[in-house]
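Hello,

I am handing this structure over to you. Please open it first, then read the notes below.

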Amino acid sequence: MLTTLRSFTISGFVVGALLWPGAGPAAAQPGTSLAPAGWDDTIKLREAVDKNPDPSIVEIDLEARLAEVEVSPGKVVKAWTYDGGLPGPLIRTKVGDRLIVHFTNNLDQDTTIHWHGVRVPIEMDGVPGISQPPVKKGETFTYDFITPDASLYWYHPHVMSAAQVGFGLYGALLVEDPGDGVGIEDELTLVLSDIGFDKTGTLEPADSGGPAGMVFGREGAYVLVNGRVRPTLKARAGAPQRWRIVNAAKSRFFLLDMDGQPFVTIGNDGGLQEEPVTSGTVLITTGERLDVLVTPTGAPGSTLVVRAMLYNRGYGSVQYRDVEEVFTIQFTDEPPIKNAKLPVVRRTITPTDPAGATRVPVVLTLPPAGKDGESEFRVNGVPYWEAKPFLAALGEKQIWEIDNDSEWDHPFHLHGFFFMQLDEKDQPVRPLGWKDTLNVPMKTKLRFLVHFNERPGEWMFHCHILDHADGGLMGTVLVGPGQPSTSQHEHHPRKP
Ligand code: C2O
Ligand code: CU
């Protein structure tokens with residue numbers, strides 16, 4: 001019986017059916033790059049600089065400040081940034097490393113950093129009034145924790161989240177397992193997002209559209225990949241690539257399509273999954289991550305566009321939206337690699353036993369707007385500012401039954417713990433995998449099993465459409481002994 005998730009990170013990976021193309025010596029070995037020189041130069045993320053010589057410690061400085069950022073030629077926005085760029089720098093650690101982040105807030109308002117998905121101690125969770133005081137203008141705070149599980153994570157503020165994330169404050173944290181056995185050398189981390197601004201480069205206000213904007217979830221008109229509008233990636237046709245994708249938009253979903261060419265999903269929020277799944281499109285809702293293998297194919301010299309297709313997450317997301325071009329793959333003139341077989345990446349995951357789990361109903365509603373035109377999302381009948389914490393004993397297993405009784409999808413995120421989705425018979429959904437954010441479609445019930453086996457404290461949960469979170473769809477679960485905080489409500493007041 002596994003008692004901590006930590007044990008899963010060293011569980012076995014079986015990689016089979018690895019057939020590499022025999023075309024040319026460069027292509028003969030797994031772990032060898034097949035990509036053309038400079039293939040990702042115009043798309044790849046800046047990386048944070050590790051100033052600690054200890055190989056098991058990554059120590060960086062990070063500053064939140066305003067900066068002008070060019071998202072496409074001539075299009076400059078005065079964004080809120082980490083270290084002056086959009087998105088923030090990619091932070092890389094190896095599984096088990098210690099990460100130390102000396103954070104300085106040079107914004108004009110309070111902020112914090114939340115390490116989305118990482119099993120951090122509660123003091124490092126970045127929620128003002130619960131896990132730490134807000135970091136005020138001019139102040140610093142040091143985040144210091146172990147990165148216990150391999151996967152792609154991300155970091156973002158937890159103060160006025162819809163505003164601050166929408167204005168540009170987010171970045172990727174890649175926790176790598178050098179022994180994961182995937183063996184695809186050409187790997188790219190893709191931070192998908194969007195931003196809205198006018199001709200003068202002024203950000204679209206966080207309250208644009210009023211209550212209707214909150215209910216829909218505001219989307220910026222500029223769709224970004226690693227901070228750029230429609231960037232281009234060079235590729236040799238037929239050469240496999242591994243894409244680590246995070247949706248850091250505050251509201252926009254990405255249903256990616258590559259002209260019908262297959263995506264092989266090998267992992268999601270909490271690292272590799274039990275076995276690969278091949279599909280023609282992949283959906284990444286806000287806050288989620290995907291680990292996919294692709295083999296983009298086309299005639300030498302041609303291009304292939306990766307698009308975001310229409311997906312109905314609520315009224316207006318299909319009716320008033322267009323398919324978006326997300327990025328372009330430009331094939332070089334090299335002859336295509338024929339019949340490259342992707343590795344079959346498997347992970348042995350022992351599911352948590354649901355026996356004895358407590359059932360926790362979680363009903364999500366959107367009552368009709370009041371006379372004042374205001375709307376609020378509710379969890380079990382109350383918006384966040386009236387909610388009391390859910391309770392869990394340390395060591396307790398719970399099955400959260402999320403009943404989305406609203407006409408909007410809600411990507412439901414729990415801080416601090418991975419969970420496993422269950423079907424209606426309480427059987428784990430296959431292939432097995434660990435999630436921290438699960439999209440619960442409109443008028444749908446989904447359930448998951450979570451084991452609150454460690455790290456007592458008050459942990460947040462909320463919709464990761466951050467306008468919905470700020471509109472009331474948030475709560476906390478108090479794990480183990482301790483007093484619920486009250487002051488956090490001051491930091492998430494109802495909008496005036
Ligand atoms: Cu990315 Cu409170 O979450
Ligand atoms: Cu929502």
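First, a term for the metal site: donors are N, O and S atoms within 2.8 Å of the metal (3.2 Å for Na, K and Ca), and water is not among the atoms, so sites may look incomplete. With that in hand, the donors of the copper ion (ligand 2) show the spacing H-x52-C-x4-H along the chain.

Some ground rules. This is a predicted model, where local features need pLDDT of at least 70 and side-chain atom pairs count only at pLDDT 80 or more, while totals for chains, interfaces and linings use all residues. Residues are numbered from 1 along each chain as its sequence is written, chains are lettered from A and ligands numbered from 1 in the order in which they are written, and side-chain values use heavy atoms, with hydrogens and water left out.

**The copper site**

Which residues coordinate the copper ion (ligand 2)? They are His410 (ND1), Cys463 (SG) and His468 (ND1), at 2.0 Å. Cys463 and His468 are both buried (under 20% relative accessible area; exposed is over 50%, partly exposed in between; 1.4 Å probe, protein chains only).

**Two domains**

The domain assignment gives domain 1 (2-345) and domain 2 (358-480); such bounds come from an automatic or database assignment. Their C-alpha centres lie 24 Å apart. In contact (heavy atoms within 4.5 Å) are 52 residues of domain 1 and 42 residues of domain 2.

About 3800 Å² is buried between domain 1 and domain 2, and carbon and sulfur atoms give 58% of that. Buried area here is the accessible area (1.4 Å probe) that two parts lose on being put together, summed over both. In domain 1, Met214, Val215 and Glu274 lose the most area to domain 2, together 16% of what that side buries.

Seven salt bridges are counted between domain 1 and domain 2 (a side-chain nitrogen of Lys or Arg within 4 Å of a carboxyl oxygen of Asp or Glu). Lys435 forms a salt bridge with Glu288, with the closest N and O atoms 2.7 Å apart.

**One loop residue**

Gln261 sits in the loop between strand E14 (254-257) and strand E15 (263-268). Strands (E, at least two residues) and helices (H or I, at least four) are DSSP runs, numbered from the N terminus. Why does Gln261 count as buried? Because its relative accessibility is 16%. Beyond its neighbours within four places in sequence, Gln261 is in contact with residues including Ser279, Thr295 and Leu304.

Best wishes
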